[in-house]
Amino acid sequence: MIKGVIFDLDGVLVSTDELHYKAWKRLAEELGIDNFTREDNEKQRGVSRMESLEVVLNKSDKEYSQEEKVALADRKNGYYVEMLQKLDSSALLAGAVETLKMLREKGYKIAVGSASKNAPLIIEKTGLLPLIDEISCGLDITKSKPDPEVFLVAAKKLNLEPKECLVVEDAAAGVEAAKAGGMKSLGVGPYYKSLGADYASETLLDVNWETVLK
Ligand code: BG6
Ligand code: MG
């Protein structure tokens with residue numbers, strides 16, 4: 001029986017894709033990579049900051065040391081965090097607030113399970129904090145999706161068994177992580193049909209919650 005819902009953040013509750021893209025694009029251009037595209041940015045969906053950096057560096061002939069890579073990821077994060085300062089509730093995706101309110105009214109526990117180390121800032125800036133019971137994010141984990149760690153930490157924080165949790169995701173790596181953790185999944189977003197989730201809806205507005213939560 002489902003007792004809690006764990007939401008991925010970027011691409012599920014909040015639209016941050018464009019900001020990530022702009023920050024990576026700026027870094028890529030500084031490195032002389034002028035062919036970093038939105039398509040490349042799609043490969044960064046749901047994966048960690050360091051893995052996202054590899055998507056950028058794959059377009060370069062230059063080799064970078066681990067130390068240099070950490071500095072580059074930090075530089076990109078600086079650009080991203082600068083843009084996040086202006087984030088507000090207008091970045092919330094359609095149906096996010098209504099869905100969280102509806103689930104809470106029905107007695108479900110709510111967590112965010114996100115690879116992002118900026119999740120607490122994003123949640124605060126967009127006003128989601130009062131609608132969420134627990135946050136499990138990039139700061140809580142050592143292994144990123146498709147490893148289930150971020151969702152297992154979320155379930156633990158909610159005091160629920162994995163099988164009592166439903167994960168809502170927009171990335172294939174996240175759906176894989178939910179499965180590896182023994183959780184049911186709902187795929188949303190532009191690739192909802194091909195994520196391999198147990199249930200799929202284009203947006204949070206289209207979800208048949210009665211079926212998904214049964
Ligand atoms: C995920 C995004 O939610 O967080 C990825 O989909 C991103 O694109 C990852 O790389 C890590 O985010 P951050 O904010 O810690 O760099
Ligand atoms: Mg996501």
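## Packing, metal site and pockets in a predicted model

Leaving aside residues up to four places away in sequence, Pro 162 touches Leu 152, Gly 181, Gly 182 and Met 183. The model is a predicted one, and in it Pro 162 is found in the loop that runs between α7 (149–157) and β4. From C-alpha to C-alpha, Pro 162 and Val 5 are 10 Å apart in space, although 157 residues separate them in sequence.

Helix α7 itself has Glu 149, Val 150, Phe 151, Ala 154 and Ala 155 as buried residues, and the buried residues of this helix pack against β1, β2, β3 (134–136), β4 and α8. Just after α7, Asn 159 takes a positive phi of about 60 degrees.

### Nonpolar cores

The largest nonpolar core holds 37 residues, of which Phe 7, Leu 13, Leu 128, Val 168 and Trp 209 touch the most other members. At least two residues of this core come from each of β1 (4–7), α1 (17–30), α4 (66–84), α5 (96–105), β2 (109–113), α6 (119–126), β4 (165–169) and α9 (209–212). Apart from it lies another core, made up of 14 residues, including Phe 151, Leu 160, Ala 177 and Met 183. In soluble globular proteins, nonpolar side chains tend to be buried together.

Within the largest core, Trp 209 is one of the residues that touch the most other members; not counting residues up to four places away in sequence, Trp 209 touches Phe 7, Thr 99, Met 102, Leu 103, Leu 166, Val 168, Leu 186 and Leu 204.

### The magnesium site

The magnesium ion (ligand 2) is coordinated at 2.0 to 2.2 Å by Asp 8 (OD), Asp 10 (O) and Asp 170 (OD), and the spacing of these donor residues in sequence is D-x1-D-x159-D. Asp 8 lies in the loop between β1 and α1, whereas Asp 170 lies in the loop between β4 and α8 (172–180), so the pair ties together parts that are 162 residues apart in sequence. Both Asp 8 and Asp 170 are buried.

### Pockets

| Pocket | Volume | Lining by class |
|---|---|---|
| Largest pocket | about 560 Å³ | six nonpolar, 13 polar and eleven charged residues |
| Second largest pocket | about 190 Å³ | six nonpolar, four polar and three charged residues |

Among the 30 residues that line the largest pocket, Val 47, Ser 48, Arg 49, Ala 115 and Ser 116 are the closest to its centre, and α1, α2 (38–42), α3 (49–57) and α4 each supply at least two residues of that lining. The second largest pocket has a lining of 13 residues, and those nearest its centre are Gly 11, Val 12, Leu 93, Gly 189 and Pro 190.

### Val 55 in helix α3

Val 55 lies in helix α3, which is one of the helices that supply at least two residues to the lining of the largest pocket. At 14% relative accessibility, Val 55 counts as buried, and, not counting residues up to four places away in sequence, Val 55 touches Asp 40, Lys 43 and Gln 44. Val 55 and Gln 85 are 30 residues apart in sequence, and their C-alpha atoms are 25 Å apart in space.

Key:
Residues are numbered from 1 along each chain as its sequence is written. Chains are lettered from A and ligands numbered from 1 in the order in which they are written. This is a predicted model: local features need pLDDT of at least 70, side-chain atom pairs count only at pLDDT 80 or more; totals for chains, interfaces and linings use all residues. Side-chain values use heavy atoms; hydrogens and water are left out. A nonpolar core is a set of buried Ala, Val, Leu, Ile, Met, Phe, Trp, Tyr and Cys residues joined through side-chain atoms within 4.5 Å. Buried means under 20% relative accessible area, exposed over 50%, partly exposed in between (1.4 Å probe, protein chains only). Helices (H or I, at least four residues) and strands (E, at least two) are DSSP runs, numbered from the N terminus. Contact means heavy atoms within 4.5 Å. Donors are N, O and S atoms within 2.8 Å of the metal (3.2 Å for Na, K and Ca); water is not among the atoms, so sites may look incomplete. On a 1 Å grid over the protein atoms alone, a cavity is a set of points where a 1.4 Å probe fits but cannot get out, and a pocket is an open set with protein on both sides within 12 Å along at least five of seven lines; lining residues have an atom within 4 Å of a point. Grid points are joined across faces, edges and corners, and a volume is the space filled by probe spheres set on the points. Ala, Val, Leu, Ile, Met, Phe, Trp, Tyr, Cys and Pro count as nonpolar, Asp, Glu, Lys and Arg as charged, and the others, Gly among them, as polar.
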